[in-house]
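Notebook open, model loaded. I'll jot down what I look up as I go.

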There are 2 protein chains.
Amino acid sequence: MIEATSNAVEVTFLPDGKTARVPRGTRVNAAAAMAGVFVDAPCGDRGVCGKCRVQVKGELGPPTMSESKYLARKLLDDRWRLGCQATIQGPCTVIVPRSSLQIAVEGLGEDVSLQPNVRKAHVELPEATIAEARSAFTRLRTVLAMPRLRIGTPALRSLAAALATPDGLTATLVGDECVTVEVGDTSASCYGLAFDVGTTTVVGSLVDLKTGEELAVSASLNEQALYGADVISRIKLAIEDPAGVEKLHSQIVRVLNSLIDDLLKQAKVDRAHVYEATIVGNTCMHHLVLGINPASLGQAPYAAVVQDAVAIPAGDLRLNLSPAARVYMLPVIAGHVGADTVGVVLATGLHRADDVRLAVDIGTNGESVLGSRHAMVACSNAAGPAFEGTSIRYGMRATLGAIQGVALDGDVHLSVVGRTAPVGICGSGLIDAVAELRLAGLVDESGRLAGPEDAPQGLPQALLDRLVAVDGERCFRLSPEDGQPVYLTQRDIRELQLAKGAIFAGIQILKRQLDVSDDDIAEIDLAGAFGSYIRPDSAQVIGLIPKVPLERVRSVGNAARVGARLALVSTAARAEAEQIAHRVAHQELFARTEFLDEFMAAMLFPKVE
Amino acid sequence: MIEATSNAVEVTFLPDGKTARVPRGTRVNAAAAMAGVFVDAPCGDRGVCGKCRVQVKGELGPPTMSESKYLARKLLDDRWRLGCQATIQGPCTVIVPRSSLQIAVEGLGEDVSLQPNVRKAHVELPEATIAEARSAFTRLRTVLAMPRLRIGTPALRSLAAALATPDGLTATLVGDECVTVEVGDTSASCYGLAFDVGTTTVVGSLVDLKTGEELAVSASLNEQALYGADVISRIKLAIEDPAGVEKLHSQIVRVLNSLIDDLLKQAKVDRAHVYEATIVGNTCMHHLVLGINPASLGQAPYAAVVQDAVAIPAGDLRLNLSPAARVYMLPVIAGHVGADTVGVVLATGLHRADDVRLAVDIGTNGESVLGSRHAMVACSNAAGPAFEGTSIRYGMRATLGAIQGVALDGDVHLSVVGRTAPVGICGSGLIDAVAELRLAGLVDESGRLAGPEDAPQGLPQALLDRLVAVDGERCFRLSPEDGQPVYLTQRDIRELQLAKGAIFAGIQILKRQLDVSDDDIAEIDLAGAFGSYIRPDSAQVIGLIPKVPLERVRSVGNAARVGARLALVSTAARAEAEQIAHRVAHQELFARTEFLDEFMAAMLFPKVE
């Protein structure tokens, strides 16, 4: 009897069996959220889409007008209700069909539930009457139950043009703004784009915003490379050439537009149905995409022009999308730690981790982040272009013919991109090669490559034969004797020492900042198109990353782009990205004398155990 | 003793002598507002502009850091303080110099205080440091003390470009958004535009937003007239020609751009320093300016596409202004009662009047509004083009040679535009002519023009000689015998009867709606470029407007444009405009059988008293 008069009642959600105790009068969707069950209500619980159908056994309030409208008599008789409308009046069991659950989109850490910034609603606009000749926009507000709905010029024009048609119209909503109106029911066609703009490579993906599914991926070289391989050369052009910013901006816009063309073609999607693009990139690329002069990034204190998230019309960037389309640039952390790093953190879930993790993004411009949900610190990796192959004698990107993996086992075993004869070596191959030579005793702690005369005793002749001098420089021949020669040179090893030393020294500073030892690091995430191909054991042999048990090292691929995709499909993830940018404390390495000390030490190779 | 311990103290503001009793601790500006004295604080009382200087005798709190920054030691010693900072601690007398008072901008009713949506702030951006390399935009937020400041792409670009200069920078702020950044101190150059887009004529003015002063006015024909003189013909084109809307939109944009060019040239103002334009117009012109298809205005129930105020980038309309410039379209009331009517109400202050007033805007498309601060009703005047001269045999606009005034006094006395020989007759001349003929007994109640044979006895021969037949139609010769002939025809009188009948019948419906008699009408405002030239006595003789004592009839000129200008210089006026659009109840005349009855009656001329 006491229970019957108590206000709180228990609700069980099937098939999960999760429960919540809620006050009588609570709406089913609210109770579900309390139980950790997320019912999909595209209209935002306003009772105007009829999508959040659930079947309920137990005591509920009577059906509302909205339920009578969206549920046939037969369905209501079978105890189907709308979760946003029905109120709980006694103990209930609620069956949430799979079709009514929010879709979870895969991240690399925790998944996020599908909750895009863009949604489409098909509506029949009520007729105006002589007695109440309300404007079309006012009637759209009413039928969408969005009294605060805003509208811009392109959408007003499309609204006027859609009035005369009999099949209703579909409004595309971005937040509380109607960005376009289409004739008939086009609500199934709702797409977005996610871009990672790197210094060397630009990757984009086309995402179905109704499912979170990635429909197509396309990559291109960043044509700005015409003006120099690294960020510094681009900043220099922006400073020295009055038209420099415009040149660089146009280049990157051209690349983005060609990726858009390719993605639309691959997935056979109509350009008009792409409503939003999210973009990550290092701070310099971020500024150049926006057409902002990055000069301030080129000199101490390396302050960005803007670090907050930026949401703008796609037309501002001359992207070849509909006038309704928007761009959301994820926020940057600092002048040298960009939105790509925010994307890596978001995708790996580092910011929500209980234990300390390290994420290392290795690319033309890479960054390291160390921390957990309690605190995060980051620095940029002044690694130079060694890993991209630029400063390496036979260096190349990981394209056809690139040595991407090396093993020494009596002789040299190569893994070559495309399984062809090798023509050069890419970053992961370089790391492997040096690690293997180090393990074989052919490279010492200081980085010196042995010659045939001072090689350790007992090595197979096949290896010793590869120790040669080319133009007076010590080299190790990687290629077979009969093919096109590919050598690893003494200078290449020095370049690698500089690059890995810079990264490792940065990580040391971050560890000191958070008072963390290697033992405390629960996970190391290797990110970046290139980072993913590194063999973790080789990375540890050369001293690129801290020595943690190998099972704690994970390759997470292009995590920055995954972050951009999560921000595209989830406004909650977007809000997290903005918090991440505020919470990560940036460590400027140039300003620290301790960095130089660490750097000198880190250039040496670790002892072989 | 009791007073000394009481918390409230009296503050007197000079030179007005206004007083307020305020709690101790109240800031001077807040106390001033309570006394009805409006101190100008361009930074919004944030202590970052140093403009709200007042001289105080009495007990105040100690100077704040902001006061120490903006007031030299000598000024502080002379008891000068910043009104937004200084707190009242005891009875005070505050001298508010004229330079610290808000500027009042002249309306036609009550004046409004200068409070434009656009303001400029010259600031020195603090340097970024290695320890805290905050982005330029973050530092701009800080120095402006606007933590919620937003910024768009053009402003980010200009911010990046302005960083390297030594003279500080000037941010232009529209609401809480920074729309552009200029190098050095350009805060004195801040301009806006106000347009009235009529079916026949477009008028624009250039306004100094620092003073509210109108620097230049320019007018042009609406070149859309190529496609038809009235709104109906334009709507028809929009419906029938797929490119019709774009043609009409381009035409009006071209006109607006040529007016902008002329205004900038007249006032020698740099285009880059124009930041906002406000626009009024009837609903059809409003839609065409926006590039919205006005088809729905052409058929019952005449619903607009959008009736709310619209604030958009000027680039959406292809106006030739800086990328930072905005457009604010005042709201419309209904499909046939537009933003121009909102402008008339705003300018005349009808919405704030205690007594009932009537505003009649006469033009190609005119409207009437009746009411007071308690209630307002409006209808459109289906007057047709008679007043514009289009359907009148010798009709013409009020340009060189147009008869604009007529008096009969033994013979005919004409007032001709340009004091030349008459070549035609414009609207005000038409009204005068018919009124005078009516008073002379040459036009009867039914509108019939006398012939020489049935003219009243005793009229001077000079008048009788003017009663002639031309092509079998009764006419009255207005022109002298020796010049180019200008006749008033029987058909012209019929056209006038239709036009004035429609307006008067509408007014009757409005009066009935509010249960108001002629005696209750405290003021009649005749608005519109043409309305201003009508002789009120003639308007009453022909029965165009209600018979109220003549001193209650006022010509208010282009009140719609004054309304646009008030909305430009005052955000408070803008908010009032939005309230007006909601509060005015539109009366659709076509839907009422009573209108036809009123119309039939109103076509007759009133009895001559």
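**Where the chains meet**

I started with the contact between the chains: 40 residues of chain A touch 39 residues of chain B, with contact meaning C-beta atoms, placed from the backbone, within 7 Å. On the chain A side, helix H5 (136-144) and helix H6 (153-162) each give at least two residues. H6(A) has the largest share, 6 residues. I take helices (H or I, at least four residues) and strands (E, at least two) as DSSP runs, numbered from the N terminus. By class, that side of chain A splits into 25 nonpolar, 10 polar and 5 charged residues. For the classes, Ala, Val, Leu, Ile, Met, Phe, Trp, Tyr, Cys and Pro are nonpolar, Asp, Glu, Lys and Arg charged, and the others, Gly among them, polar.

**Ground rules and confidence**

Residues are numbered from 1 along each chain as its sequence is written, and chains are lettered from A and ligands numbered from 1 in the order in which they are written.

The predictor gives the complex an ipTM of 0.82 and a pTM of 0.82. I looked up pLDDT, the predictor's confidence in each residue from 0 to 100: chain A averages 91, and 97% of its residues score at least 70. Where pLDDT is low, the predicted coordinates should not be read in detail.

**Chain A overall**

I counted 17 helices and 29 strands in chain A. Its C-alpha trace spans about 100 × 65 × 45 Å along the principal axes. Of its 609 residues, 52% are buried; a residue is buried with 20 or more other C-beta atoms within 10 Å of its own, exposed with 12 or fewer, and partly exposed in between, with C-beta atoms placed from the backbone. Among contacts in chain A with a separation of 6 or more, 66% join residues 24 or more positions apart.

**Covered spots in chain A**

How many residues of H15(A) are buried? I get 11 of 11 for this helix (residues 559-569), so mostly covered. The buried set includes Arg561(A) and Arg565(A).

Thr341(A) sits in helix H10 (residues 339-348) of chain A. Thr341(A) counts as buried because it has 35 C-beta neighbours inside 10 Å. Setting aside neighbours within four places in sequence, I find Thr341(A) in contact with Ile333(A), Asp361(A), Glu367(A), Val369(A) and Ala378(A). Val280(A) is 61 residues from Thr341(A) in sequence but 8.3 Å away in space, C-alpha to C-alpha.

**Helices in chain B**

H7 (residues 231-240) and H8 (residues 244-267) of chain B pack at about 135 degrees, axes 6 Å apart. Axes are lines fitted to C-alpha atoms, for helices over the stretch in contact, and angles run from 0 to 180 degrees between N-to-C directions. That makes H7(B) oblique to H8(B); under 35 degrees is roughly parallel, over 145 roughly antiparallel, 65 to 115 roughly perpendicular, and the rest oblique. Arg234(B), Leu237(B), Ala238(B) and Glu240(B) of H7(B) meet Gly244(B), Val245(B) and Leu248(B) of H8(B). The tally there is 4 nonpolar, 1 polar and 2 charged.

I then checked H9 (residues 283-290) of chain B: 8 of its 8 residues are buried, so the rest of the structure largely encloses it. Both His286(B) and His287(B) are among the buried ones.

**A sheet in chain B**

An open sheet of 6 strands runs S28-S27-S18-S19-S20-S29 (chain B), pairing mixed; strands pair when DSSP finds at least two bridges between them. S28 (553-557) and S29 (584-586) of chain B are at the edges with a single partner strand each, so each has one side without a neighbour in the sheet. The twist averages 25 degrees from one strand to the next. S18 (residues 356-361) and S19 (residues 366-371) of chain B pair antiparallel over 5 bridges, and Arg357(B) has Gly371(B) in S19(B) as its bridge partner. H15 (residues 559-569) of chain B lies across S18, S27 and S28 of chain B, at about 90 degrees to S27(B).

Technical notes
Predicted model: local features only at pLDDT ≥ 70, side-chain atom pairs only at ≥ 80, totals over all residues. Contact = placed C-beta atoms within 7 Å.
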